[in-house]
Amino acid sequence: MAAPTPEQDHFDQLIAEDARVEPADWMPAKYRKTLTRQIAQHAHSEIIGMQPEANWISRAPSLKRKAILMAKVQDEAGHGLYLYSAAETLGTDRDTLVGQLLDGSAKYSSIFNYPARTWADIGAIGWLVDGAAIVNQVPLCRCSYAPYGRAMVRVCKEESFHQRQGWEILYSLSHGTPEQKQMAQDAINRFYGPALQMFGPPDDESPNSQQSMAWNIKRFSNDELRQRFVDMLVPQVEALGLSFDDPDLQWNEERGHYDYGELDWDEFMSVIKGHGPCNSQRMERRRAAHDDGTWVREAAAAYAAKYESHDSALISA
């Protein structure tokens, strides 16, 4: 085995000291590849994740709800842009990253391949999906790759608002009419399992988790984060006056954590492979939106080229 290079030694020292790796620093090819995949997948998820909620903007039950939901969807678009920018610092341009999403070679979070059937589902997405995102992403603020960590600070602040918005929707429904309370319960039943799967497969079946933790990209394993999320959810669902459809969910005094039932990992893998309820629809709409926006991108590029040429002429003069 070849001796470590000075560049490798410097990188290893940064990781050992829990310091930050900047774009100009040398990094192993596998580290760069892992981060590019993870950050791009995160960006894709933010962009695709706009769809189920955007579908409800025109059907929100009040002007206030409509304005809040519009702000949330705009936030998600911004998150995608932050993250694409962070991914580009690793050497892959945005057109390539977007192209990988559009041709199906890149993945996004499987949770967004489930439909939002009722207004209560918008609450469940905010509370459960964005809640899982917060638990997963707050440790990423300390990611060893500096641009990703910096982007996550703002993303997590905004996700906190999104989760509160979702919980408030469910609280209003669960304290409304019996029909509204049942609507909220049905939404929670639909999203509870898929939300827990957002942390990824069990640790013994997660091929990338251990190396990502060794590089300080991740700080906790999939199962550790999932357990933290479940422990957080139980008192919150009790405050809503609702429950989770999980007969195995109970406090384990010996472990000091809640036990919960086995998740449907066969369904999880099926959705990842493109067989979820909305996989085809999500990608069809994303491709259509990309095509519809061609003229905007071309106009922006022409405008930038015009002023770059003008500035160059002034400098030459």
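**Ground rules.** Because the model is predicted, local features need pLDDT of at least 70 and side-chain atom pairs count only at pLDDT 80 or more, while totals for chains, interfaces and linings use all residues. Residues are numbered from 1 along each chain as its sequence is written, and side-chain values use heavy atoms, with hydrogens and water left out.

Entry 1: I then looked up who touches whom, and found 19 residues from domain 1 and ten residues from domain 2 in the contact (contact means heavy atoms within 4.5 Å).

Next I checked the area. Domain 1 and domain 2 bury about 1,300 Å² between them, with 55% of it on carbon and sulfur atoms (buried area is the accessible area, 1.4 Å probe, that two parts lose on being put together, summed over both). On the domain 1 side, Q51, L102 and G276 supply 41% of the area buried against domain 2, more than any other three residues.

I looked for charged pairs across this interface and noted zero salt bridges (a side-chain nitrogen of Lys or Arg within 4 Å of a carboxyl oxygen of Asp or Glu). Polar contacts do turn up: nine residue pairs, both residues at pLDDT 80 or more (N or O atoms within 3.5 Å; within protein, one must be able to donate a hydrogen and the other to accept it, and residues adjacent in sequence count only if both atoms are side-chain atoms). The elements giving two or more residues to the domain 1 side are α2 (29-48), α3 (50-54), α5 (94-102) and α11 (265-275) (helices are DSSP runs of H or I, at least four residues, numbered from the N terminus).

**Entry 2: the core.** Which residues touch the most other members of the largest nonpolar core? I got Y31, L35, I39, W127, Y145, Y148 and F229, out of 77 residues (the core is a set of buried Ala, Val, Leu, Ile, Met, Phe, Trp, Tyr and Cys residues joined through side-chain atoms within 4.5 Å). Helix α6 (residues 119-137) gives the largest share of this core, ten residues.

I followed up W127. Leaving aside neighbours within four places in sequence, W127 has contacts that include W167, L170, I188, L233 and F244.

**Entry 3: salt bridges.** The structure holds ten. I opened the one between E53 and K72, where the closest N and O atoms are 2.3 Å apart. E53 sits in helix α3 and K72 in helix α4 (residues 63-88), 19 residues apart.

K72 also pairs with D130, at 2.6 Å between the closest N and O atoms. D130 is in helix α6 and K72 in helix α4, so this pair ties together parts 58 residues apart in sequence. I logged E53, K72 and D130 as a linked network of salt bridges. E53 and K72 are both buried, and D130 is buried too (buried is under 20% relative accessible area, exposed over 50%, partly exposed in between; 1.4 Å probe, protein chains only).

R226 and D223 meet at 2.9 Å, N to O. Both lie in helix α10, three residues apart, about one turn of the helix. R226 is buried at 1%, whereas D223 is partly exposed at 28%.

**Entry 4: N216.** Is N216 buried or exposed? I found N216 in the loop between α9 (209-214) and α10 (222-240), and N216 counts as buried because its relative accessible area is 13%. Beyond four places in sequence, N216 is in contact with I15, D18, R142, C143 and S144.
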